[in-house]
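Reader: I want to learn how to read this fold, feature by feature. Where do we start?

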Amino acid sequence: HTRFKCDWSSDVCFPILALSLTDELTGLYNRRRFFVLAEQYLKVAIRAKKRSLLLYIDMDDLKWINDHCGHSDGDQALIDLASILKKTFRESDIIARIGGDEFVVLLESTDENDEMLITRLDESIRDYNAKVSQHYKLSVSVGAAHFDPEYPISIDELLSKADALMYAQKRKKRKEESRLGERNGQEDFST
């Protein structure tokens, strides 16, 4: 057998590499690329003694959109959310789609606290919903976990913390919505 050896800078191999690291639907980094970049990012943060923030973002009601509006609308909702994330956060931030309706943003802690960043994201989504006429409204639940270089943890631990906080927010939103009896015309709030 002859083994195929690839020059990753070639016109043939580079597109293959790019495809293996990019989410095909949204154009964001995929889970594999996120972990590679995030591990390096946190190593640099430790050396530079810089705090970081991980936002774990789950699109609300994707199942409802797929079931009631069709999978093409569900795909478009994911594409639109990816676009909103790219416009809301800096080019230097690591933005990735790591699951069906799950996204992450890893960024250097700024003077803005996590609530202000989440508010900015919510405002971007509100602006999108006001401008775009769809049979649904985009909505997200977000968990924010801090990385302290003085007490470093792994990217898996950071993701777990942010994921738990995101699910806590999702549960709180559902309780508030059911208490108010306002489900925006949507019957199923599955994750």
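Author: Start with the sheet. Four strands form an open sheet in the order β2-β3-β1-β4, with antiparallel pairing. Strands (E, at least two residues) and helices (H or I, at least four) are DSSP runs, numbered from the N terminus. Two strands pair if DSSP finds at least two bridges between them. β2 (94–97) and β4 (140–147) are the edges: each has a single partner strand, so one side of each lacks a neighbour in the sheet. The twist averages 15° from one strand to the next.

Reader: What are the ground rules for the model?

Author: This is a predicted model, where local features need pLDDT of at least 70 and side-chain atom pairs count only at pLDDT 80 or more, while totals for chains, interfaces and linings use all residues. Residues are numbered from 1 along each chain as its sequence is written, and side-chain values use heavy atoms, with hydrogens and water left out.

Reader: How many bridges join β1 to β4?

Author: Eight, between antiparallel strands; β1 covers residues 52–59. L54 stands opposite A145 in β4.

Reader: Which helices pack on the sheet?

Author: Contact means heavy atoms within 4.5 Å. Angles run from 0 to 180 degrees between N-to-C directions, with axes fitted to C-alpha atoms, for helices over the stretch in contact. Helix α2 (residues 31–48) touches β1, β2, β3 (102–108) and β4, and makes about 20° with β3. Helix α5 (residues 114–131) lies across β1, β3 and β4, at about 155° to β4.

Reader: How do I describe two packed helices?

Author: Use the angle between their axes and the distance between the axes. Here α2 and α6 (residues 155–180) pack at about 105°, with axes 10 Å apart. That makes α2 roughly perpendicular to α6 (65 to 115 degrees). F34, F35, A38, E39 and L42 in α2 meet I155, D156, L158 and L159 in α6.

Reader: And the nonpolar core?

Author: Such a core is a set of buried Ala, Val, Leu, Ile, Met, Phe, Trp, Tyr and Cys residues joined through side-chain atoms within 4.5 Å. Buried means under 20% relative accessible area, exposed over 50%, partly exposed in between (1.4 Å probe, protein chains only). The largest core has 29 residues; L55, I57, L85, F89, F103, L121 and L138 touch the most other members. α4 (71–88) gives the most, with six residues. A second, separate core of 19 residues includes Y56, I98, I155 and L158.

Methods:
Angles under 35 degrees count as roughly parallel, over 145 as roughly antiparallel, 65 to 115 as roughly perpendicular and the rest as oblique.
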